[in-house]
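Subject: Structure handover

Hello,

Here is the structure for you to look over. Please open it before reading my notes.

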Amino acid sequence: ILYLPDGADEKDESAWVEYAKDASIMSVGKYKIWFETVNDPNLEGAYEDLYVLFEIVKIEATAYVTTVGGISVGDDNVIDSVYNGSEFTVGWAVREANGSNVSQAALAGTVVFNIYTKLDGENKPDPDTKVDKVLNAGTYYVSVSVEGSTNYNVTASAFVTVTIAKADLRV
């Protein structure tokens, strides 16, 4: 078995790396697997160059905001809550297209929460309104992004609209 690391030129013979004969194939890249032939007088022809070439590609996945302040995000990507004096924590997940969750161990890098108080007309954040957390009464637009890994490409989540209403002050 020969393995071509992701991004290497398959025409460059020196780029191909020999893989252990009985190794599991688990990395993104291209592979050549040769067939072993037996010395059989009933077979004619040369089979030395008979191989299968195949490629393992990265899995496409998407990050999702799952909860804000313990409230689950619905299909409408909207959360309504009331100011409670505490920071509203953001829960997240990464899922493959088939809905399977990707474990955090399978991803690389740091999770980044993108929190803004304004979006433009094209649902793009106004960079001047970036904040570190959801805390006070107001409207927030929350997205999460996480770096993929050698096996995953991860698309950042859509923005979730979080509206925190003012609390009633009672004396």
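Below is what was found, from the overall layout down to single residues.

**Ground rules**

This is a predicted model, in which local features need pLDDT of at least 70 and side-chain atom pairs count only at pLDDT 80 or more, while totals for chains, interfaces and linings use all residues. Residues are numbered from 1 along each chain as its sequence is written, and side-chain values use heavy atoms, with hydrogens and water left out.

**Layout**

The protein has 13 strands and zero helices. Both are DSSP runs, numbered from the N terminus: helices are H or I with at least four residues, strands are E with at least two. Buried residues make up 25% of the 171 in the protein. Buried means under 20% relative accessible area, exposed means over 50%, and partly exposed lies in between (1.4 Å probe, protein chains only). Take contacts between residues at least 6 apart in sequence: 57% of them join residues at least 24 apart. Contact here means heavy atoms within 4.5 Å.

Five strands form an open sheet with mixed pairing, in the order 7-13-11-9-10. Strand 7 (78–82) and strand 10 (130–131) are the edges; each has a single partner strand, so one side of each lacks a neighbour in the sheet. Strands pair if DSSP finds at least two bridges between them.

- Strands 7 and 13 run parallel, joined by five bridges. S81 stands opposite I164 of strand 13.
- Strands 11 and 13 pair in the antiparallel sense, also over five bridges. T139 has T163 in strand 13 as its bridge partner.
- Strand 9 (residues 111–116) and strand 10 run antiparallel, with two bridges. I115 is partnered by V131 in strand 10.

**The core**

The largest nonpolar core has 22 residues. Such a core is a set of buried Ala, Val, Leu, Ile, Met, Phe, Trp, Tyr and Cys residues joined through side-chain atoms within 4.5 Å. Touching the most other members are V65, V94, V134, V142, V154 and V162. Strand 5 (59–68), strand 8, strand 11 (138–146), strand 12 (152–155) and strand 13 (160–165) each supply at least two of its residues. Beyond four places in sequence, the contacts of V142 include V65, V134 and V162.

**Charges**

There are two salt bridges in the structure. The term means a side-chain nitrogen of Lys or Arg within 4 Å of a carboxyl oxygen of Asp or Glu.

K30 and E10 form one of them, at 2.4 Å, N to O. K30 lies in strand 3 (residues 29–34) and E10 in the loop between strand 1 (2–5) and strand 2 (17–18), so the pair ties together parts 20 residues apart in sequence. K30 is partly exposed at 23% relative accessibility, and E10 is partly exposed at 31%.

E122 and K124 also meet in a salt bridge, at 3.9 Å, N to O. E122 is exposed at 60% relative accessibility; K124 is partly exposed at 46%.

**One to check: E96**

E96 sits in strand 8 (residues 90–96). E96 is buried but has no salt bridge, and the nearest side chain of opposite charge, R95, is 11 Å away. By charge, Lys and Arg count as positive and Asp and Glu as negative; His and the chain ends are not counted. Beyond four places in sequence, E96 is in contact with I59, E60, A61, V102 and Y152.

Best wishes
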